[in-house]
Amino acid sequence: MNLFKDVGHLFRFVALFIVGTLVILGLRAAFTPRSFGQYGHYRGAALGDIAAHPVHFAGHQACEVCHADVAETKAKGKHAHVNCEACHGAQARHAYDFTNGSATIKPVLPDTAVLCARCHAASAAKPKSFPQVNAADHSGGVPCQTCHQPHSPAIAAGDAK
Amino acid sequence: MNLTRRHFMVLLPAAAVAWESVLAGTPAAAPNYKLTDHWWGMLIDISKCIGCGNCVRACQTENDVPDGFFRTWVERYHVTDTNLERPQVISPDGGKGGFPIAAEDEGKYFFVPKLCNHCVDSPCTQVCPVGATFISPDGVVLVDQSYCLGCAYCVQACPYGCRYIHPEKHSADKCTLCYHRITKGLNTACCENCPTGARQLADLKDPNDPIHAFLKTHAVQVLKPQMATTPKVFYNQLDGSVR
């Protein structure tokens with residue numbers, strides 16, 4: 001008995017298998033993004049895509065380039081560690097959009113009645129060491145900035161009544 | 001043009017190289033940023049958080065987070081003396097507009113800001129069937145929006161509830177640790193706008209980062225350590241009632 005008598009029948013079968021494998025490998029190469037597997041089982045170019053998102057908050061370093069005077073006042077006061085945009089809102093467009101050397105976008109001054117209360121309204125839930133006031137008892141509705149300079153809020157001895 | 005077969009064969013490899021560079025796409029946006037030099041995390045000091053909601057608002061502005069969805073949010077815990085195991089937790093609109101005034105009451109109150117923990121062994125990246133979410137070489141768990149199918153398997157897998165399906169993009173979305181900011185040397189939007197310094201971005205690979213001194217000298221915890229996810233968001237003064 002000759003085991004290899006009918007081996008000729010396998011040629012077409014093997015050829016089809018090889019062609020099929022090549023087609024699948026070719027399709028996979030065509031459809032897998034180029035950077036897939038660069039760092040791991042994901043598209044490496046996604047890192048660049050995500051890093052390219054637009055920035056809305058310029059960061060206090062950008063503010064201090066032009067507003068050095070405010071930064072200096074603030075650094076000496078109780079709000080030294082409160083960054084500019086925490087109160088003034090996102091200002092990247094104000095910081096970066098310029099026409100003829102001046103900022104295109106003018107920031108809107110925040111409403112101190114809402115702003116100050118957000119942090120300083122007295123609540124039993126806040127840490128005890130944080131300065132808090134009940135606005136009605138504290139000032140009877142007089143706006144905060146009548147007495148307090150927001151950039152350096154402690155009232156100096158000479159200013160107090 | 002008279003192109004012989006010989007010339008055509010010579011030009012073929014050059015064309016292949018050119019096509020390769022077309023497929024490779026544009027280089028990363030921050031050329032001076034080295035992925036291997038960073039390992040990002042965050043430090044949250046519960047004793048400093050006043051529940052103002054600045055971080056939640058800043059995150060929404062910076063990342064165009066749709067209303068009703070959160071990449072970060074703040075919870076207020078109220079633990080009464082008699083019921084330590086059942087704290088009352090509120091988070092009105094994620095704490096975006098601050099919290100209602102609490103009258104002097106029994107028990108204790110504290111705020112817990114939450115965000116993606118950027119886990120080293122994150123269950124969310126392990127379950128993704130297509131490789132659309134991953135931990136980057138600098139330790140940030142990210143979603144490839146153009147590759148995500150929106151199957152929401154990762155949303156279910158996250159033990160911290162930090163992911164959602166974006167209502168317009170129909171793909172998974174989450175905190176990127178402001179990847180577009182930290183790769184440019186900026187602070188994250190939430191940390192930049194935290195008025196009390198309760199949230200601090202930390203680079204665990206930077207030997208000069210103050211996080212190292214802090215971790216050495218404070219009793220710092222992570223959320224749900226029993227899940228073995230190795231989170232990189234560290235909480236100082238975390239109460240045992242926080243789940």
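**Close-up views of a two-chain predicted model**

View 1. B:Leu43 stands opposite B:Gln200, a residue of strand 9 of chain B. The model is predicted: local features need pLDDT of at least 70, side-chain atom pairs count only at pLDDT 80 or more, and totals for chains, interfaces and linings use all residues. Residues are numbered from 1 along each chain as its sequence is written, and chains are lettered from A and ligands numbered from 1 in the order in which they are written. Strand 1 (residues 40–45) and strand 9 of chain B run antiparallel and are joined by 5 bridges; strands pair if DSSP finds at least two bridges between them. Strands (E, at least two residues) and helices (H or I, at least four) are DSSP runs, numbered from the N terminus. In strand 9 (residues 199–203) of chain B, 4 of the 5 residues are buried (20 or more other C-beta atoms within 10 Å of a residue's own, with C-beta atoms placed from the backbone).

**View 2. An open sheet in chain B.** The sheet has 3 strands in the order 3-2-4, with antiparallel pairing. Strand 3 (88–90) and strand 4 (108–115) of chain B each have a single partner strand, so one side of each is left without a neighbour in the sheet. On average, neighbouring strands of this sheet are turned by 25° against each other, direction ignored. Strand 2 (residues 72–79) of chain B pairs with strand 4 of chain B over 8 bridges. Within strand 4 of chain B, B:Pro113 is the bridge partner of B:Val74.

**View 3. Helix 2 of chain B on the sheet.** Helix 2 (residues 54–63) of chain B lies across strand 2 and strand 4 of chain B, and runs at about 160° to strand 2. Angles run from 0 to 180 degrees between N-to-C directions, with axes fitted to C-alpha atoms, for helices over the stretch in contact.

**View 4. The side of chain A that touches chain B.** In this model, 33 residues of chain A are in contact with 46 residues of chain B (C-beta atoms, placed from the backbone, within 7 Å). Helix 2 (45–51), helix 5 (84–88) and helix 7 (112–120) of chain A each give two or more residues to this side. Helix 2 of chain A gives the most, with 6 residues. The model scores ipTM 0.85 and pTM 0.86.

**View 5. Residues 25–29 of chain B.** Over this stretch pLDDT stays under 50 (the predictor's confidence in each residue, from 0 to 100). Where pLDDT is low, the predicted coordinates should not be read in detail. Chain B averages a pLDDT of 91, and 93% of its residues score at least 70.

Note on methods. Two residues are in contact if their C-beta atoms, placed from the backbone, lie within 7 Å. A residue is buried if 20 or more other C-beta atoms lie within 10 Å of its own, exposed if 12 or fewer, and partly exposed in between; C-beta atoms are placed from the backbone.
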